[in-house]
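Please examine the sequence and the three-dimensional structure shown below. The paragraphs that follow lead through it step by step.

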Amino acid sequence: MNIQKALKGKWVLVVDDEEDILHLVYELLEMCRLDTASTFEQAKALLEKNRYHLAILDIMGVRGYDLLEIAHRREIPALMLTAHALTKEDLKKSVEKGADFYVPKDEINQIPVYAADVLEARAKKRNPWAKWYERLSGFCDRRFGKDWKDQDQDFWDHTIKY
């Protein structure tokens, strides 16, 4: 997949309460048309007014799950980006609330790849979590332990199926 081509001209909303994160994502996604928001209120207004190709939502500090509900209702694909809500529980909650991807801020430099994965999965009517698992299960193994899926095996088997 040509990431540059997949993202060129796509309209993306990036929401984070940390200005340095907004600037970094802005640089990483320079091929996109970007809107940024640093508060829940700003992001909510933008999500309700515009038809984005993708929303990149921080979880903490901007009420990311509330924003995810709006994006999901409006059929805007959402990628959850987090440093502090990096738990098995938050990962599962992101899936359950309709997110298309869950990315630790440790992996932020790969955001163009993950954004392209989400858009490609949506375009081809595929499960984005299958690609997520392929790319980020190793990170989760290191962070949560190799048995992180075992407590809820049926959920994860269903979530990551191709």
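Which residue's side chain is joined to that of Ser94 by a polar contact? The model is a predicted one, in which local features need pLDDT of at least 70 and side-chain atom pairs count only at pLDDT 80 or more, while totals for chains, interfaces and linings use all residues. Residues are numbered from 1 along each chain as its sequence is written, and side-chain values use heavy atoms, with hydrogens and water left out.

The partner of Ser94 is Tyr65, at 3.5 Å; a polar contact is a pair of N or O atoms within 3.5 Å, and within protein one must be able to donate a hydrogen and the other to accept it, while residues adjacent in sequence count only if both atoms are side-chain atoms. Ser94 lies in helix α5 (residues 88-96). Helices (H or I, at least four residues) and strands (E, at least two) are DSSP runs, numbered from the N terminus. The relative accessible area of Ser94 is 0%, and Ser94 is therefore buried (under 20% relative accessible area; exposed is over 50% and partly exposed in between, with a 1.4 Å probe and protein chains only).

Strand β4 (residues 78-82) is largely enclosed by the rest of the structure, because five of its five residues are buried. Ala78, Met80 and Thr82 point one way from β4, and Leu79 and Leu81 point the other way. Strand β3 (residues 54-58) pairs with β4 in the parallel sense over four bridges, where pairing requires that DSSP finds at least two bridges between two strands. Within this pair, Ile56 stands opposite Leu79.
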